[in-house]
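Here is a brief report on a few local features. Have the sequence and the model at hand while reading.

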Amino acid sequence: MTEKSYYKNPYLSQWTAAIQAIIPKNDKYLLVLDTTYFYPEGGGQPSDRGTIDGIEVLDVFEKDDMIFHVVPKVPDNKKVDCKIDFNRRFEHMQQHTGEHILAATFYRLYKGVSNAFHMGEDYVSIDISLSEVTPDMVKEVEDAVNEVIYRNLPVKTYMKDLEGAKLLPLRKQPKVDEDIRIVEIEDVDFCPCCGTHVASTGEVGILKILKMEKSKGMTRIYFQCGRKALQDYSKKHEIITSLYEKFSANDNTLLEKIEKYMEDVKKTEGLVKNLRQELSLCEAQKLVKDAKKLVVYGSYKNKTLNDIMFIAKQVFQMGEYIFIGLSLEEKKLFLSHNTDLLLHCGNLLKDVMKNFNARGGGSALQAQASFGSEEELKKCAEKLNQVCQALDD
Ligand SMILES: [Zn+2]
């Protein structure tokens, strides 16, 4: 059994230990030490990282009261120097203690019970047994949590047996019935927990709720504490500062300016749509004027297939035609008609394009194809034009 020294002093990050066992596992090794400050994954808190005799610790886990340290190679010595990545560990201690205060506050103010706790690289969250949490509730809870942080209350940990634990006003029932580890935040919370925590609430620094979402009848609350919260603030501040510059704005005017900008974009989009329609109408009139009898033919460098389909629509409002349109930009062809002729656009296009590097098809009234090159598109369109002109005779 390994001595779990991280419970005695969660702030100690360097020590010497004796290796008790080395177990090969796949292409790695599991080291068992006589004493360890490496926290194994548990209670929503990720495992620690660091080194053993300079060798990187890849993972730490607990099984049957033993702590296993996963390493890529075996140290040369039996007595080894161990070192924890304390920045990472301290962030976990800040987040974990913050979670206790947050859960206790939701319980105190709204009787919401915390369930799943997740602490990862990307986000930290708890699920609270409330189907709805309003922004006002979030504000109230956040303020109350940060008051607890400012009061710098002691965070104590001690062991109790089941009888002893029953006498405490526990927020959650323990999952074990002996050696129950209690984490007490003076005046605020009693909770059974196996994680590592800071010694007083002030060390949490700050707790900020970032967002909420509904999850299986509960509400998932995303938050950040301490150094991670500062990093998050810095990142967002950088984004906001860049927006201030782009919009020549400040705290008071940014939202208003963005709203105005979005309104302008909407207006411009409407204007562009109208202009495109007017332009398509002119194009359609020109094509019909140039058409020899039934076949209307248009080839465009800077028009999309959608533009061309819109022109076809305008052409058909002027009479009965076979329409062939080319988008050189997209290397696409559009064939359509609104005549009484027994003409199946899909079949005709398939027949003509079979000798070209092209894909496409369609229905009796309209069809389209994409080509490997502009040259092939033009050649195929020419052939199609001939076939359609012949239909006209
Ligand atoms: Zn805890």
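Aspartate 187 sits in the loop between strand 13 and strand 14 (189-192). The model is predicted. Phi of aspartate 187 is near 70°. That value is positive, in a residue other than glycine. Is aspartate 187 buried or exposed? Aspartate 187 counts as exposed because its relative accessibility is 66%, and the cut-off for exposed is over 50%.

Aspartate 179 also has a positive phi, near 45°, and is not glycine either. Its place is the loop that runs between helix 3 (162-166) and strand 13 (180-185). With a relative accessible area of 57%, aspartate 179 is exposed.

The table sets out the two residues.

| Residue | Phi | Relative accessible area |
|---|---|---|
| Aspartate 179 | near 45° | 57% |
| Aspartate 187 | near 70° | 66% |

Now to a pair of helices. Helix 4 covers residues 226-247, and helix 5 covers residues 254-290. How do their axes lie? They pack at an angle of about 60°, with the axes 10 Å apart. Helix 4 is therefore oblique to helix 5. The crossing of helix 4 past helix 5 is left-handed.

Which residues meet there? From helix 4 come Ile240, Leu243, Tyr244 and Phe247. From helix 5 come Leu254, Lys257, Ile258 and Tyr261. Sorted by class, this contact has 7 nonpolar residues, no polar ones and 1 charged residue.

Notes
Residues numbered from 1 in each chain as written. Predicted model: local features only at pLDDT ≥ 70, side-chain atom pairs only at ≥ 80, totals over all residues. Heavy atoms only, no water. Axes fitted to C-alpha atoms, helices over the stretch in contact; angles between N-to-C directions. Helix = DSSP H or I, 4+ residues; strand = E, 2+ residues; numbered from the N terminus. Parallel < 35°, antiparallel > 145°, perpendicular 65-115°, else oblique. Left-handed = near helix turned anticlockwise from the far one by under 90°. Contact = heavy atoms within 4.5 Å. Nonpolar A, V, L, I, M, F, W, Y, C, P; charged D, E, K, R; others polar. Buried < 20%, exposed > 50% of the residue type's maximum accessible area, 1.4 Å probe, protein only.
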